[in-house]
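Subject: Structure for you to look at

Hello,

Here is the structure I said I would pass on. Please open it next to this email and follow along.

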Amino acid sequence: MNRFDTVGSARVTLFAPRIEELLRERRGAGFFRIDGDTVGVADPELINKLLESRSAHEFERPTFKPLQGRSIERVEANDVLRAVSHDVRAALGGPAPDSVDLSGIWPRMGHAYLRDLLFGSDPLRFRMLTDRRLEKAPVLTRAMVRTSAVLPGKPALDPPVSRLAAATAAAEHGDRRYAMGLYRRVAAPVCLGVAALVANALWLGSPFHPDASNRHIVLESLRLLPPSWNILRVASPEFSAVDSRIGPHDDVLLLPLLTHRDPELWPDPDVFSPERWHESDEDDHPGYIPFGHASDRCRGRHLIVPLAEHLIERLRADGLAVNPGQTTAKVPLAGLLGVTRVQVSRTCPPGT
């Protein structure tokens with residue numbers, strides 16, 4: 001891990017060497033070669049042209065790529081998204097859970113809270129598929145899905161289980177193992193992604209200024225530490241037609257990590273400044289693509305942002321922030337970009 005300071009903060013973020021190298025050596029470079037058959041792109045205009053040149057292939061979609069050898073058709077994906085959207089709206093529209101202590105180690109605490117908030121009524125065979133430890137253990141994940149599919153007893157399909165559990169368990173065209181795998185594909189990223197985003201926000205800016213809106217805190221955290229920090233597109237003839245520097249066999253790695261910190265696009269790019277969003281448009285700012293390009297934007301953004309705002313509101317109401325004794329945090333090289341083991345405690349008056 002290498003040191004990377006955020007200007008104006010006493011905290012030091014220790015990025016994994018490969019990430020730190022990108023930030024140190026490639027920031028401001030719109031186009032560069034990563035290896036013999038991969039190019040990196042951080043030029044916002046070129047990113048737009050490349051993403052507009054073709055739609056994402058099914059295996060380039062992290063959630064709805066083929067599962068167990070089957071394609072996930074758009075109709076099925078839409079049904080599943082509608083189900084989890086209902087669960088999010090129901091959770092945010094209902095009374096806040098009482099007596100929940102969010103102090104402790106983040107993002108672990110946030111993940112546990114979201115799992116219980118959204119999927120706490122689901123049978124154990126479903127809930128165990130959202131376990132954080134499965135994210136780094138594909139073999140264990142497959143074993144857990146198989147086990148969940150063969151556990152004795154009929155799973156409950158009626159309320160109060162989540163709509164997501166009912167929708168996946170009742171899938172008519174597939175077997176139980178496929179349905180359980182689909183449940184994990186959707187439920188786990190919601191919990192993992194939101195918890196990572198809020199942990200990043202805590203690390204970057206807590207205790208937050210009283211005038212900072214939760215929305216702007218989320219947007220600024222997505223800028224400095226975007227959990228989806230890269231977008232991979234496999235080699236395609238369309239890309240060479242857009243830019244001759246891209247060979248016919250070159251994969252393309254698009255890097256929001258770099259565009260979000262480009263000094264040509266952002267004043268004081270390393271400073272956590274939620275107030276910059278008073279004048280900026282999240283949907284129209286050049287190079288700001290935490291959820292992908294407008295032509296193929298992640299449909300989960302309307303779940304993730306409200307849940308993150310909800311969690312930040314709870315943390316502020318309870319006076320929780322990063323423990324003043326913690327001055328460093330690590331960001332490993334992983335699928336989701338985020339700080340690990342952030343110590344959160346009650347360090348300021350409630351409501352801050």
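Helix H2 (residues 44–53) lies across S3, S4, S6 and S7. The helix runs at about 130 degrees to S7. Keep in mind that this is a predicted model.

Now look at the sheet under discussion. It is an open sheet of four strands, in the order S3-S4-S7-S6. The pairing is mixed. Which strands stand at the edges? They are S3 (31–35) and S6 (231–233). Each has a single partner strand, so one side of each is left without a neighbour in the sheet. From one strand to the next, the twist averages 25 degrees.

Next, zoom in on S4 and S7. As background, strands of a sheet pair through backbone hydrogen bonds, either parallel or antiparallel. Strand S4 (residues 38–41) and strand S7 (residues 251–254) run parallel, and four bridges join them.

Then come the charged side chains. Side chains of opposite charge can pair when their charged atoms come close. How many salt bridges does the count come to? The count is 18. Here are some to look up.

- Arg-82 and Asp-79: their side chains meet in a salt bridge, at 2.3 Å from N to O. Both residues lie in helix H3 (residues 74–93). They are three residues apart, about one turn of the helix. Arg-82 has 53% relative accessibility, so it counts as exposed. Asp-79 is partly exposed, with a relative accessible area of 37%.
- Arg-115 and Asp-116: the closest N and O atoms of this salt bridge are 3.1 Å apart. Arg-115 counts as partly exposed, at 27% relative accessibility. Asp-116 counts as partly exposed too, at 44%.
- Asp-270 and Arg-261: this salt bridge has an N to O distance of 3.0 Å. Are its two residues buried or exposed? Asp-270 has a relative accessible area of 11%, so it is buried. Arg-261 is buried as well, with a relative accessible area of 1%.

Salt bridges can also share partners. That joins Arg-215, Glu-282, Asp-283, Arg-301 and Glu-309 into one network.

Then move to the salt bridge between Arg-82 and Asp-79, and finish with the one between Asp-270 and Arg-261.

Best wishes

Technical notes:
Residues are numbered from 1 along each chain as its sequence is written. This is a predicted model: local features need pLDDT of at least 70, side-chain atom pairs count only at pLDDT 80 or more; totals for chains, interfaces and linings use all residues. Side-chain values use heavy atoms; hydrogens and water are left out. A salt bridge is a side-chain nitrogen of Lys or Arg within 4 Å of a carboxyl oxygen of Asp or Glu. Helices (H or I, at least four residues) and strands (E, at least two) are DSSP runs, numbered from the N terminus. Buried means under 20% relative accessible area, exposed over 50%, partly exposed in between (1.4 Å probe, protein chains only). Two strands pair if DSSP finds at least two bridges between them. Axes are lines fitted to C-alpha atoms, for helices over the stretch in contact, and angles run from 0 to 180 degrees between N-to-C directions. Contact means heavy atoms within 4.5 Å.
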